[in-house]
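Thank you all for coming. I would like to walk you through one structure this morning, starting with its sheets and ending with its ligand.

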Amino acid sequence: MSAKSQQDNPAADAGPAKQFDVIIIGAGMSGMYQLHRLRELGLSVRVFEAGDGVGGTWYWNRYPGARFDSESYSYGYSFSEELLQEWEWSEHFSAQPETLRYLNFVADKFDLRRNIQFGSRVKSATYDEAGICWNVELEDGDNARARFLITAVGPLSAPTMPNIKARDSFRGESFHTGTWPHEPVDFTGKRVAVIGTGATGVQTIQEVAKTAGHLTVFQRSPNYCAPLHNSPIEAASQREIKASYPQIFAKCRASHGGFIHKADHRGALEVSPEEREAFLEKLYGEPGFGIWIGNFRDMFTDQKANDAVSEFIIKKIRARVKNPKVAEKLIPRDHGFGTRRVPLETNYYEVYNQDNVLLVDLNEAPIQRITPTGIETSAAVHEFDIIIHATGFDAVTGSFDRIDIRGEAGQKLKDKWADGPRTYLGLQIGGFPNLLTLVGPHNAATFCNIPRCIEQNVEWVTDLLRHVRDNDIKRVAPTLEAEDAWTEHVYQTAAALLFTKVDSWFMGINPNVPGKDKRTFLLYAGGAPAYREKCDEVAANGYEGFLLQ
Ligand code: NAP
């Protein structure tokens, strides 16, 4: 893969398909940065992006109330000091429109768009064993070939609609949060339904409740939510942030999940009840994920420690929701605090004190069907002007499943992963040479303040492809032993975590997707620092576990 190797590329004999050194699928945060880095290596790169603009998650998720749960200044790219100094976040937790503006600013600054083909959804990717390259076909029939294929498809980008009878019969407006229209939706005076109370539903509900004539929330499983405590970034803090980026990123680098928050060294039951209460109160009063990521060190592993924290949050829910019956419905009974993703909120619980908001507990009255005018449960018929599906995603592997990816001997990736993902470092898959999966399953980036781990993934892949280019290597594939060992390590690391006892997208559960009903672990829970160390060690040992030919 150099000017010379491009001419040598056997794929060049294959007719009219466009030829590249590398094809990247997706122009979200990982695809954009990967493009930038590979262009610096002098490689020819084409990015195929389904949307009409850059930004991935932040392009698609335009639903009301969408915003960061990570501190803005810990979320942006860290690779360019100039970019860090030029860009100003206006809030500690930026809202989606600002984040999308930021990503467009990055695309302009680094002139990324000239290598991105927008409106181009990839339909299939097939490995050509003789040509040692990938054939990529788009939904519009266009196709291209490249020595390497890099997926930058994001862990939460395959939206799933609820499997409710007659779902499409509704004659009012209906939206999924993950494919929200570009035009503003006016809720003023309207009768609105929200189905789903995950992180997305919570953000949507608290925003829509401000203007809707009437809002009905359909909740199947409540989640433990905690306050975001967002605020504007004043001029003095702006200067301070800009001056301390090295320290901010160093903090993220040292933490398990790439956040500025770090778990407390104490166990929840090692301290007195008064100390525990004071610590939890402090976390509850602070901005961001401290209450989740910076809590007692044993909260994720010790049921009793977890119970103590859950009790604290339950007390808060009871204090904030005036109607005790409604409060009880908002309290999770099937899992402990933090064992599913904690939605961060702003006055979420207070929404249920409003006269124009109704909570429908689907455990008491399940949805029977959607009708042309609303939603029918076993107990009542509700009429709506707008239905919002905040029903989540076919997480992590779902975006892969939606592309027909075939490796050696025509093996389908979807079949290989039918019982759960198998990868090496969450970056490569046995039987799928020259395919690299940024933020893929079993990659630390899936359980991370994601841009921090995206930068690690991209920089590691860039180093690998530099090595490939400099050594005239044509084929990179993991050994099956390396894949087995990594997969085993991923499951072992997760085994002690309370996450694994609970249904959630972390565990690959999505009742709306056939076949996604068995618990498997999609993330890597060993932590970003350990993951980075392992990746660096593999590279330092001549890409140990990979066959380079
Ligand atoms: P989610 O956490 O999977 O929540 C989906 C919700 O829809 C759940 O409450 C689910 O109920 C409900 N649901 C699904 N199908 C249903 C059906 N047929 N009938 C009734 N209810 C149904 O999805 P999400 O809220 O979109 O969040 C996904 C992830 O995106 C988050 O965990 C987070 O990582 C990310 N996110 C990040 C941010 C941010 O950074 N600011 C914001 C939003 C989301 P059950 O729980 O009972 O299945």
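Predicted model: local features only at pLDDT ≥ 70, side-chain atom pairs only at ≥ 80, totals over all residues.

Residues are numbered from 1 along each chain as its sequence is written, and side-chain values use heavy atoms, with hydrogens and water left out.

When I say strand or helix, I mean a DSSP run, numbered from the N terminus, with at least two residues (E) for a strand and at least four (H or I) for a helix; two strands pair if DSSP finds at least two bridges between them. In that sense β5 and strand β6, residues 143–151, pair in the antiparallel sense over 4 bridges, and Trp134 stands opposite Ala146 in β6. On its other pairing, β5 (residues 133–138) runs antiparallel to strand β4 (residues 122–128) over 6 bridges, where Thr126 has Asn135 in β5 as its bridge partner. The hairpin of β4 and β5 also has 4 residues between the strands, and there Ile132 takes a positive phi near 50 degrees.

Next comes an open sheet of 5 strands in the order β7-β16-β8-β9-β12, with parallel pairing. Which strands are at its edges? They are β7 (173–176) and β12 (357–361), each of which pairs on one side only. Neighbouring strands here are turned by 15 degrees against each other on average, direction ignored, where the axes are lines fitted to C-alpha atoms, for helices over the stretch in contact, and angles run from 0 to 180 degrees between N-to-C directions. Within this sheet, β8 (residues 191–195) and β9 (residues 214–219) pair in the parallel sense over 5 bridges, with Val194 opposite Val217 in β9.

There is also an open, antiparallel sheet of 3 strands, in the order β13-β14-β15. Because β13 (367–371) and β15 (381–383) each have a single partner strand, one side of each is left without a neighbour in the sheet. Neighbouring strands of this sheet are turned by 20 degrees on average, again with direction ignored. Strand β14, residues 374–377, pairs with β15 over 3 bridges, and Ile375 stands opposite His382 in β15.

Finally, let us turn to the ligand. Around the ligand are 25 residues, of which Arg67, Thr200, Ser221, Trp505 and Asn512 come nearest; a residue is near if one of its heavy atoms lies within 4 Å. Helix α7 (residues 199–208) gives the largest share of this shell, 3 residues.

What about polar contacts, meaning pairs of N or O atoms within 3.5 Å? An N or O atom in the side chain of Ser221 is 2.4 Å from an oxygen atom of the ligand, a polar side-chain atom of Gln203 lies 3.5 Å from a ligand nitrogen atom, and a polar backbone atom of Ala390 is 3.3 Å from a ligand oxygen atom. The protein covers 84% of the 910 Å² of accessible area that the ligand has on its own, as computed by the Shrake-Rupley method with a 1.4 Å probe.

Key:
Polar contact = N/O pair within 3.5 Å; in protein donor to acceptor, adjacent residues only side chain to side chain.
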